[in-house]
Amino acid sequence: MKIIVLSDIHGDYFRAKEAVDKVKTAEVVIFTGDGERDIDRLEEIYPDIKFLKVRGNCDMGSNLPVADSITLEGKKIFYTHGHMYNVKYSEYDVREAARERKADIVLYGHTHIPVNEYKDDMWVMNPGSCHGYDASFGTIDIQNGQVLTNIIHLR
C-alpha cells in the first residue's frame with residue numbers, strides 16, 4: 001500500500017496537487033494539518049484516494065480532530081499536526097503519545113522541517129511543508145509487513 005503524507009500546505013494548493021500527481025499508485029493521503037481547505041479540494045478531485053485528516057494550528061474553525069490513528073496493512077499509524085505535542089522543542093511528547101497508542105509509525109508536521117527516521121522501534125516522519133520553493137512531502141510504502149519511508153522535494 002502506497003501512502004502520501006502531506007502537511008503545512010498553507011494555501012499552496014498547486015504544490016499539494018503536484019505531490020499527489022507524482023505518486024500515481026497512492027491509495028491513501030494522510031494530511032497532518034495546516035491547509036484544510038486545500039486538502040478538501042484535493043479530496044474532491046481524487047475520489048479514488050482515501051483521505052485521512054487532522055487539523056493544524058492554522059486551520060481555524062476546523063472540526064477535524066487534533067490527532068488520530070489508523071491501522072493499514074497491519075501497521076498502526078498515529079498522526080497529528082504536532083503543535084499540541086510541542087514538536088518545535090522536542091519529539092518526546094509526540095513519540096510518547098504514539099507509544100501509548102502502540103503505533104508503529106508516527107506522523108506529524110508543524111515545524112516545516114522534514115524528518116524521516118527509524119528510531120526505538122518506530123518510524124517517525126515529518127514530511128516538511130508542501131508549500132513554496134522547497135516544498136516537500138512524504139511517502140510510505142507498506143508491503144508484506146515491511147515499511148519503506150521517503151521524503152520527496154518538489155523543486
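Select Tyr13 first: its relative accessible area is 7%, so Tyr13 is buried (buried means under 20% relative accessible area, exposed over 50%, and partly exposed in between, with a 1.4 Å probe and protein chains only). The model is predicted, so local features need pLDDT of at least 70 and side-chain atom pairs count only at pLDDT 80 or more, while totals for chains, interfaces and linings use all residues. Residues are numbered from 1 along each chain as its sequence is written, and side-chain values use heavy atoms, with hydrogens and water left out.

**Around Tyr13**

The structure holds three aromatic pairs. In the pair of Tyr13 and Phe14, the ring centres are 5.2 Å apart and the planes stand at 75°, so the pair is edge-to-face. Rings of Phe, Tyr and Trp (its six-membered ring) pair if their centres lie within 6.5 Å; planes under 30 degrees apart count as stacked, over 60 as edge-to-face and the rest as tilted. Phe14 is exposed, with a relative accessible area of 62%.

**The largest pocket**

Select His10, Asp34, Gly35, Glu36, Arg37, Asp38, Cys58, Asp59 and Met60, which line the largest pocket. A pocket is an open set of points on a 1 Å grid over the protein atoms alone, where a 1.4 Å probe fits, with protein on both sides within 12 Å along at least five of seven lines; lining residues have an atom within 4 Å of a point. The largest pocket contains about 180 Å³ of space, the volume being the space filled by probe spheres set on the points, which are joined across faces, edges and corners. Its lining has two nonpolar, two polar and five charged residues (Ala, Val, Leu, Ile, Met, Phe, Trp, Tyr, Cys and Pro count as nonpolar, Asp, Glu, Lys and Arg as charged, and the others, Gly among them, as polar).

Asp34 is in the loop between strand 2 (28-31) and helix 2 (36-45); helices (H or I, at least four residues) and strands (E, at least two) are DSSP runs, numbered from the N terminus. Asp34 is buried at 2% relative accessibility, and its phi is positive, near 70°.

Leaving aside residues up to four places away in sequence, Ser62 touches Glu36 and Arg55 (contact means heavy atoms within 4.5 Å). Ser62 lies in the loop between strand 3 (50-53) and strand 4 (67-72) and is buried, with a relative accessible area of 12%.

**Strand 5**

Go to Phe78 in strand 5 (residues 75-80). Phe78 is buried at 1% relative accessibility. Beyond four places in sequence, its contacts include Tyr85, Val94, Arg101 and Leu107.

**Strands 9 and 10**

Asn144 is in the loop between strand 9 (135-143) and strand 10 (146-154). Asn144 is exposed, with a relative accessible area of 79%, and has a positive phi of about 50° although it is not a glycine.

End at His153, in strand 10. His153 is partly exposed, at 35% relative accessible area. His153 and Ala135 are 18 residues apart in sequence and 5.8 Å apart in space, C-alpha to C-alpha. Not counting residues up to four places away, His153 touches Pro114, Asp134, Ala135 and Ser136.
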